[in-house]
Amino acid sequence: SAESEGWQKGVIYAEGQNLARYLMEAPANYITPIKFAEHIEQKLRSFSNVKVHIRPESWIATQQMGAFLSVAKGSAEPPIFLEIHYLGGANTNDSPLVFVGKGVTFDSGGISLKPSSGMDAMRADMGGAATVCSAIVTAAALNLPLNIIGLAPLCENMPSGKANKPGDVVRAKNGKTIQVDNTDAEGRLLLADALCYAHNFNARAIVNAATLTGAMDVALGSAATGVFTNSSWLWTHLYEASILTGDRVWRMPLFEHYTKQVTDCPLADLSNIGKYSRAGGACTAAAFLKEFVTASHWAHLDIAGVMSNKDEVSYLRKGMAGRPTRTLVEFAARLSQDSHN
């Protein structure tokens, strides 16, 4: 009774995580790329300081997002690039925090087809997009005093006559060529183009989230989100936020050692899996993404291990977890108070 303000804030944080859980849990024939974008737009409709752009395939093509489009072309569902501008800062020109989320609304693996057992869970392969978009909805509800831009490339990864074939070479937005050695390593293709685009906004920091690798689940399980970052400042903020929310993060290595494995490629600048495909899979995926980043404050959150909950987190029921939405919100809240950078 004495803490009604804190209680109300907690309710808003929880609603944000529940929004992410809802989007991740919903069947993939209900949450298609366009339906995902429309659902987020509807949640943000009441905020006068939010603009939502639902970019169609023609716009994606004009942006030369060849890596993203190469994944999308295997599906009958057209891709969408969702762009959200939350202008909560004192000055609309202040450098924003940019969130980027992987939005694969269903991941069959494409031609490199996944095993059918458990494939239904791949309706949640847009968990990155769900958590970052839900974090922005929450930031707007809390009226946080900073600018945030959310970017979510949304599509399905399906096997068809038009789908990427193992060995195909595609060109990303920044001109780098990518040999698609495994079509099930598709999330990094979406993120490559979205990260290039994120550099248009003079960001204070770029944070991307993605259910990117099974290797991340093997490494950390559901205990924590793996964070790969080029910035100790950014890591400290994320880590401190995660201690407060209890939805933890853990720092992982971004070594040149892994970069060499993705750049040693016979037909292109980069391979999308690296030459030792199973060894350090979460680390080579992060090294791949780093090839599309020039910003000095960037973090990649691999959320594959925290995607769902069996019985590990007592207050979450069984099913999709919506993690780490609250940590992203808390991080944004701390950044809005941090005037040092």
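The lining of the largest cavity is made up of 3 nonpolar, 5 polar and 1 charged residue. You can look these residues up in the model, which is a predicted one: they are Ser70, Val71, Gly74, Asn157, Met158, Ala163, Asn164, Thr183 and Glu186. The space they line has a volume of about 40 Å³, and the structure holds 1 cavity of 30 Å³ or more. How can we tell that there is a gap at all? Rolling a probe the size of a water molecule over the atoms shows where empty space is left.

Now let us turn to the pockets. The largest pocket has a volume of about 1,200 Å³, and 40 residues line it. To find its centre on your screen, look for Lys114, Asp184, Thr213, Gly214 and Ala215, the lining residues that lie nearest to that point. Several elements give two or more residues to this lining: helix 6 (187–198), helix 7 (214–220), helix 10 (281–290) and strand 14 (319–320). Which element gives the most? That is helix 7, with 4 residues. Sorted by class, the lining of the largest pocket has 12 nonpolar, 15 polar and 13 charged residues.

The second largest pocket has a volume of about 200 Å³. Its lining consists of Ile12, Glu15, Gly16, Asn18, Leu19, Lys43, Phe47, Ser134, Val137, Thr138 and Ala141. Helix 1 provides the largest share, 5 residues. By class, the lining of the second largest pocket has 5 nonpolar, 4 polar and 2 charged residues.

Next, follow the chain to strand 12, which spans residues 298–302. Is this strand mostly covered or mostly uncovered? It is mostly covered, as 5 of its 5 residues are buried. Trp298, His300 and Asp302 point one way from strand 12, while Ala299 and Leu301 point the other way. Strand 12 also has partners. Strand 8 (residues 205–210) runs parallel to strand 12 and is joined to it by 5 bridges; here Asn208 stands opposite His300. Strand 9 (residues 225–229) runs antiparallel to strand 12, with 4 bridges between them. In this pairing, Val227 has Leu301 as its bridge partner.

What about the cysteines? A disulfide is a covalent bond between the sulfur atoms of two cysteines. A search of the whole structure finds 0 disulfides. Take Cys155 as an example: the nearest cysteine sulfur belongs to Cys133 and is 14 Å away. Cys155 counts as buried because its relative accessibility is 0%. For Cys265, the nearest cysteine sulfur is that of Cys196, 17 Å away. Why does Cys265 count as buried? Its relative accessibility is 13%, and buried means under 20%.

Finally, here is a stretch that carries a label from a record. An unreviewed UniProt entry has the annotation "domain: Cytosol aminopeptidase" for residues 182–189. In the model, this span is 38% helix and 0% strand, and its end C-alpha atoms lie 11 Å apart.

Key. Residues numbered from 1 in each chain as written. Predicted model: local features only at pLDDT ≥ 70, side-chain atom pairs only at ≥ 80, totals over all residues. Heavy atoms only, no water. UniProt positions renumbered as here; feature names shortened; annotations may be inferred. 1 Å grid on protein atoms, 1.4 Å probe; cavity = no way out; pocket = protein on both sides within 12 Å on 5 of 7 lines; lining within 4 Å. Points joined across faces, edges and corners; volume = space filled by probe spheres on them. Nonpolar A, V, L, I, M, F, W, Y, C, P; charged D, E, K, R; others polar. Disulfide = S-S within 2.5 Å. Buried < 20%, exposed > 50% of the residue type's maximum accessible area, 1.4 Å probe, protein only. Pairing = 2+ DSSP bridges.
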